[in-house]
Amino acid sequence: MKTKIVLFLGLLLSANAAFADLKIGFVNIPAVLEKSPQAEKAKKRLEQEFSPRDKQLLAQQNEAKGLEERMNRDASVMGDSERRNLEKDILAKQRELKRSQQEFSEDFNMRRNEELGKLQRKIIEAIRTLAQEQKFDLLLTDGVIYASEQIDVTSQIQEKLLSMPE
């Protein structure tokens, strides 16, 4: 029995000695995403790409709103056929607006996901490069409740992203 305890303690001490040389780090991915120059450029590309369609949607919205205001203002002096035609126009404009908004939303989400995917691949590349350069045994990202500043390498990843090409 004593030999088993001694053997167990010996294994425990040797395991602790092996783990003493581990180099562990932590990367706060949301902070990297927020502050990376690539994220800012992606945001500007999306704004530039979708700005004309957004303006078009706003114009459609204003047009439908104008027809509704006209209906509310002039309904009492309109004939039945004129009022029905205006109601049809309003409904058609509202349907078209809703369809356009849905298409815009789907297209925007698809492009945003593409840009986010590219950015995530860059971040993973930067993390792997840093881990290899600085000989980390383990780099953690999500699911970490606490990480001391000694092992937080987020700022180093941000610097690495600054030096990476688009």
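**Notes on the helix pair and its salt bridges**

1. Starting with Lys93: its relative accessible area is 31%, so this residue is partly exposed (buried is under 20%, exposed over 50%, partly exposed in between, with a 1.4 Å probe and protein chains only). Keep in mind that this is a predicted model, where local features need pLDDT of at least 70, side-chain atom pairs count only at pLDDT 80 or more, and totals for chains, interfaces and linings use all residues. Residues are numbered from 1 along each chain as its sequence is written, and side-chain values use heavy atoms, with hydrogens and water left out.

2. Lys93 pairs up with Glu63 in a salt bridge, 2.7 Å from N to O (a side-chain nitrogen of Lys or Arg within 4 Å of a carboxyl oxygen of Asp or Glu). Lys93 sits in helix α4 and Glu63 in helix α3, so the bridge ties together parts 30 residues apart in sequence. Glu63 is partly exposed too, at 42% relative accessibility.

3. Now the helices themselves (DSSP runs of H or I, at least four residues, numbered from the N terminus). α3 covers residues 37-74 and α4 residues 80-133; they pack at about 170 degrees with axes 9 Å apart. The axes are lines fitted to C-alpha atoms over the stretch in contact, and angles run from 0 to 180 degrees between N-to-C directions. That makes α3 and α4 roughly antiparallel, the label for angles over 145 degrees.

4. Asp107 and Arg53 form another salt bridge, with the closest N and O atoms 2.8 Å apart. This pair also links distant parts of the chain: Asp107 is in α4, Arg53 is in α3, and they are 54 residues apart. Asp107 is partly exposed at 28%, and Arg53 likewise at 27%.

5. The structure holds 13 salt bridges. Worth a look in your viewer: Arg45, Glu49, Arg111, Glu114, Glu115 and Lys118 are linked in a salt-bridge network.

6. Leu138 is partly exposed, with 39% relative accessibility.

Methods: Helices (H or I, at least four residues) and strands (E, at least two) are DSSP runs, numbered from the N terminus. Angles under 35 degrees count as roughly parallel, over 145 as roughly antiparallel, 65 to 115 as roughly perpendicular and the rest as oblique.
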